[in-house]
Amino acid sequence: MAMLNQNLSNAEVQTDSFAPIPDGEYFCTVCDSQIRKTKSGDDQLSLTYRIDDGEYKGRKVFDNFNLWSMNQQALEISQRNLKTLATVGGHPNPNFIQDSSELHGLHFMLRIKTKEGKDYPSYYYNKAKNAPAAATMQQAYAPQHAAYQTPPPPPVPPQAPVQGSELPWVRNGGR
């Protein structure tokens, strides 16, 4: 038994539901990343996604990438899923990601599935699945989320020629 001595009279009761988010596709942003240990002791990249809109706006979903796994199949799946996320999210070089912080702020559509816990059969949780194809994301995401689009660069105004930079045959009237 542990002595708590906690006065909870000023604490509010939690009203948010921790129930799993229904299966479907949700617009998300990568908001955090950490390196964590798997049950087997390997390192894995853990990403936190925040749902951007709809009824579940603000809820978080977690995903793991076994990028240092000794299991070749798990490694390949994790690399493929990470590259898909980077590509769909608009990472400038999805072929090379040096630091997980480069993923923070990427926006994309995430497919969420509900899974039953292995250790606790009555426990259900959300599992992030592969992001849809980039074309699907661009068609569906961009019109609804114009703020996430990078505006085109402004047009370059015409410049007056610098004195003496004209071609010699033009400077002398073409002669």
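This is a predicted model: local features need pLDDT of at least 70, side-chain atom pairs count only at pLDDT 80 or more; totals for chains, interfaces and linings use all residues.
The expected span is 1.5 Å times one less than the number of residues; helices (H or I, at least four residues) and strands (E, at least two) are DSSP runs, numbered from the N terminus. Residues are numbered from 1 along each chain as its sequence is written, and side-chain values use heavy atoms, without hydrogens or water. Local features need pLDDT of at least 70 and side-chain atom pairs 80 or more, while totals for chains, interfaces and linings use all residues.

At the start of α1, a side-chain oxygen of Asn-71 comes to within 2.9 Å of the backbone nitrogen of Gln-73. Just after the helix, Gly-90 has a positive phi of about 90 degrees.

Turning to the sheet, five strands form an open arrangement in the order β3-β2-β1-β4-β5, with antiparallel pairing (strands pair if DSSP finds at least two bridges between them). Its edge strands, β3 (60-65) and β5, each pair on one side only. Strand β4 (residues 107-116) is joined to β5 by six bridges, and Lys-115 has Tyr-125 in β5 as its bridge partner.

Lys-127 also belongs to β5 (residues 124-129). This lysine counts as partly exposed because its relative accessibility is 31% (buried is under 20% relative accessible area, exposed over 50%, partly exposed in between; 1.4 Å probe, protein chains only). The C-alpha atoms of Lys-127 and Arg-111 are 8.5 Å apart, with 16 residues separating the two along the chain.

How values were computed: A polar contact is a pair of N or O atoms within 3.5 Å; within protein, one must be able to donate a hydrogen and the other to accept it, and residues adjacent in sequence count only if both atoms are side-chain atoms.
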